Amino acid sequence: MRPIIGITCDYDWEKGIFQLKPGYVEGIHRCGGLPFIIPPLYGDTVYKGINQIIKQLDGLLLSGGQDVHPHYFGEAPHASIGRVNPYRDEMELALCRYAVKSGIPVFGICRGLQLLNIALGGDVYQDLKAQLEDKHLICHDQPAPKWFGFHDVHIKEGSRLHKILGTSTLPTNSFHHQAVREPAPQLEVVGTTADGVIEALELNHHPFIIGVQWHPECMLDDPFMLKLFQAFVDSAIEASDSKH
Ligand code: MN
């Protein structure tokens, strides 16, 4: 049986449409998973329904998107914060916490990494350039096609991510104005750029909790990015086998 991978998606409240870039679905599908898109739900029903949703899933993919509201890590919105989506925040934080607690594999991409970190007690720079202005930042908003590996990420040796990828230097794409500031206590930093910006986190002693700041779903022709999706789907298969 193919493992069911829940993928969070966006809600555009101005256009009134749910939306998700196809790379997330394609990456999961190509690696043998069954993609299942989860819409943001808002209100009391969110909390009542979360455990039911998680019980149907073998893995949870937290997709990219807008900034998480800084209220969730005790800050007021910075002047340079981006678009914030309350429809997604409530639902996804609850989903993420419940999935981690339930031992279900979680893969966070971009916003998904930041949300994972915030859900477990960490925080983010609301705007890298504004809050790290005295530091020599490299470019994290690439003026290049989205499939292009624009900057290198140093992958920590001995980490799960390193075992999956089999490399210490990974060229990745980069389009984010936020980044992890303080990692959550349980999470380990396993990927950084030359300027020290955190690009990957993982949780030990769990079937699979990995978050990456880049967008592997835009780089599916790159074998390293497929390895990431494959490792996630494989761990969902294992988690599913141990459930039945
Ligand atoms: Mn970057």
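Hi everyone, let's start with the largest pocket: 36 residues line it, and Gly 65, Gln 66, Cys 110, Phe 175 and His 215 lie nearest its centre. This is a predicted model, where local features need pLDDT of at least 70, side-chain atom pairs count only at pLDDT 80 or more, and totals for chains, interfaces and linings use all residues. Residues are numbered from 1 along each chain as its sequence is written, and side-chain values use heavy atoms, with hydrogens and water left out.

By pocket I mean an open set of points on a 1 Å grid over the protein atoms alone, where a 1.4 Å probe fits, with protein on both sides within 12 Å along at least five of seven lines; lining residues have an atom within 4 Å of a point. The space in this one is about 720 Å³, a volume filled by probe spheres set on the points.

The lining splits into 12 nonpolar, 12 polar and 12 charged residues, with Gly counted as polar and Cys as nonpolar. β2 (10–12) gives the most, 3 residues, while α4 (111–119) and α5 (128–131) each supply at least two. These are DSSP runs, helices (H or I) of at least four residues and strands (E) of at least two.

Now, the manganese ion. Its protein donors (N, O and S atoms within 2.8 Å) are His 140, His 151, Ser 174, His 176 and Glu 199, at 2.2 to 2.3 Å. Their spacing along the chain is H-x10-H-x22-S-x1-H-x22-E. His 140, in the loop between α5 and β8, and Glu 199, in strand β12, are 59 residues apart. Both are buried (under 20% relative accessible area, 1.4 Å probe, protein chains only): His 140 has 6% and Glu 199 has 0%. Thanks, everyone!

How values were computed
Donors = N, O, S within 2.8 Å, 3.2 Å for Na, K, Ca; no water. Buried < 20%, exposed > 50% of the residue type's maximum accessible area, 1.4 Å probe, protein only.
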